Amino acid sequence: MCDACSAAGRNWSLANGPQRSKLVKAKIFSAFNGREIKVKLCYLCSIKLFIGGEKSFLRENPSFNVELSTQHAGSEFDF
């Protein structure tokens, strides 16, 4: 399941169609203090991330941004 679509409550396989219903592994770097975060995205979300960049993709998907922030919130003891 696409991480961004599942956070927004969208059906990713229906939105992408039968030909493009495969997931792509992507990495988000700069949005979280240079930490690398691996996510699974559908075809449409990966295109949006590539064209718009990380910051605009996270701004367009606020529920996904909140989910990533809570899962990967760094603490000072996180090594």
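Buried means under 20% relative accessible area, exposed means over 50%, and partly exposed lies in between (1.4 Å probe, protein chains only). By that definition, Phe57 counts as buried, at 1% relative accessibility. The model is predicted: local features need pLDDT of at least 70, side-chain atom pairs count only at pLDDT 80 or more, and totals for chains, interfaces and linings use all residues. Residues are numbered from 1 along each chain as its sequence is written, and side-chain values use heavy atoms, with hydrogens and water left out.

**Overall layout**

- The protein has five helices and two strands. Helices (H or I, at least four residues) and strands (E, at least two) are DSSP runs, numbered from the N terminus.
- Their order from the N terminus is α-α-β-β-α-α-α.
- Of the 79 residues in the protein, 29% are buried.
- Among contacts with a separation of 6 or more, 49% join residues 24 or more positions apart. Contact means heavy atoms within 4.5 Å.

**Nonpolar core**

- A nonpolar core is a set of buried Ala, Val, Leu, Ile, Met, Phe, Trp, Tyr and Cys residues joined through side-chain atoms within 4.5 Å.
- The largest such core has 17 residues. Those with the most contacts inside it are Cys2, Val39, Leu41, Cys45, Phe57, Phe64 and Leu68.
- At least two residues of this core come from each of helix 1 (3-8), strand 1 (24-28), strand 2 (37-41), helix 3 (43-52), helix 4 (54-60) and helix 5 (62-71).
- Strand 2 gives the largest share of this core, three residues.

**Aromatic pair**

- The structure holds one aromatic pair. Phe57 and Phe64 form it, edge-to-face, with 6.1 Å centre to centre and 75 degrees between the planes.
- Rings of Phe, Tyr and Trp (its six-membered ring) pair if their centres lie within 6.5 Å; planes under 30 degrees apart count as stacked, over 60 as edge-to-face and the rest as tilted.
- Phe64 is buried, with a relative accessible area of 1%.
- Beyond its neighbours within four places in sequence, Phe64 is in contact with Asp3, Ala4, Ala7, Ile28, Val39, Phe57 and Leu58.

**Around Phe57**

- Asn61 sits in the loop between helix 4 and helix 5. Asn61 is buried, at 8% relative accessible area.
- The Asn61 side chain reaches the backbone oxygen of Phe57 at 2.9 Å.
- Ile47 belongs to helix 3. Ile47 is partly exposed, with a relative accessible area of 34%.
- Ile47 and Phe57 are ten residues apart in sequence, and their C-alpha atoms are 10.0 Å apart in space.

**Cysteines**

- The structure holds zero disulfides. A disulfide is a pair of cysteine sulfur atoms within 2.5 Å.
- The closest cysteine sulfur to that of Cys5 is in Cys45, 3.7 Å away, so it is too far for a bond. Cys5 is buried, with a relative accessible area of 4%.
- Cys45 is in no disulfide either, and its nearest cysteine sulfur, that of Cys42, is 3.6 Å away. Cys45 is buried, at 3% relative accessible area.
- Cys42 lies in the loop between strand 2 and helix 3. Cys42 counts as buried, at 2% relative accessibility.
- Leaving aside neighbours within four places in sequence, Cys42 is in contact with Cys2, Cys5, Trp12, Asn16, Lys22 and Leu23.
- Cys42 and Arg20 are 22 residues apart along the chain, with their C-alpha atoms separated by 8.0 Å.

**Helix 3: Ser46**

- Ser46 is found in helix 3. Ser46 is buried, with a relative accessible area of 16%.
- Apart from its neighbours within four places in sequence, Ser46 is in contact with Val24 and Leu41.

**Salt bridge**

- One salt bridge turns up in a search of the whole structure. A salt bridge is a side-chain nitrogen of Lys or Arg within 4 Å of a carboxyl oxygen of Asp or Glu.
- The side chains of Lys27 and Glu36 form this salt bridge, at 3.8 Å, N to O.
- Lys27 is partly exposed, at 43% relative accessibility. Glu36 is partly exposed, at 42% relative accessibility.

Definitions and conventions: Polar contact = N/O pair within 3.5 Å; in protein donor to acceptor, adjacent residues only side chain to side chain.
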